Amino acid sequence: MKIGELAEKTGMASSAIRYYEQSGLLPKAERGANGYREYADAAVERLRRIQMAQGLGFSLDAIRSVFAAGNEGLSKDELLHRLDGRLEEIDQLMGTLREQQQHLQALRVTLLESWAEGECLNADALAQDKLAKATQRSKASAQS
């Protein structure tokens with residue numbers, strides 16, 4: 001099938017398909033006598049797997065390494081190991097996002113209170129204060 005058909009079947013842009021081919025995620029397409037790319041039916045499934053893995057947050061390098069494992073793919077243990085690794089990454093990201101959310105909420109409250117009192121906060125002083133408090137919390141957590 002030509003690249004336009006493949007794009008239609010997968011919902012991907014032709015440029016993305018060419019990129020995946022160029023970067024080794026998709027095997028090189030055969031070329032017809034007219035020079036057009038001709039893809040095997042297996043390309044549809046391969047691109048759907050790439051889309052699914054990207055949707056789960058796996059990097060293109062991680063996806064590439066799975067395809068490099070060959071036709072047999074990953075063992076059950078290796079697949080579980082990679083899934084566990086991704087879950088750990090997500091847990092770390094969620095922790096970082098929760099911390100940022102708390103800092104932003106505290107900053108918002110501080111700003112609203114200061115403005116209600118008619119104060120104009122110095123951003124540098126506020127940042128230094130927040131940094132000092134965060135450092136104190138980190139030290140207290142480490143001592144616990």
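**Exercise 1.** Which residue lies over the face of F67, and at what distance from the ring centre?

*Solution.* Before we start: this is a predicted model, where local features need pLDDT of at least 70, side-chain atom pairs count only at pLDDT 80 or more, and totals for chains, interfaces and linings use all residues. Residues are numbered from 1 along each chain as its sequence is written, and side-chain values use heavy atoms, with hydrogens and water left out.

Step 1: know the rule. A charge sits over a ring if NZ of Lys or CZ of Arg is within 6 Å of the ring centre and within 35 degrees of the ring normal.
Step 2: find the partner. R46 is the one over F67, 3.7 Å from the ring centre.

**Exercise 2.** Find the buried residues of helix 2 and say what they pack against.

*Solution.* Step 1: helices are DSSP runs (H or I, at least four residues), strands likewise (E, at least two), numbered from the N terminus. Buried means under 20% relative accessible area (1.4 Å probe, protein chains only).
Step 2: in helix 2, residues 14-22, the buried ones are I17, Y20 and E21. They sit on the same side of helix 2 because they cover an arc of only 100° around the axis (taken from the directions from the helix axis to the C-beta atoms).
Step 3: look for contacts (heavy atoms within 4.5 Å). These buried residues pack against helix 1 (3-10), strand 2 (37-38), helix 3 (42-55) and helix 4 (60-68).
Step 4: check what comes after. Helix 2 is followed by G24, with a positive phi near 90°.

Note on methods:
Buried means under 20% relative accessible area, exposed over 50%, partly exposed in between (1.4 Å probe, protein chains only).
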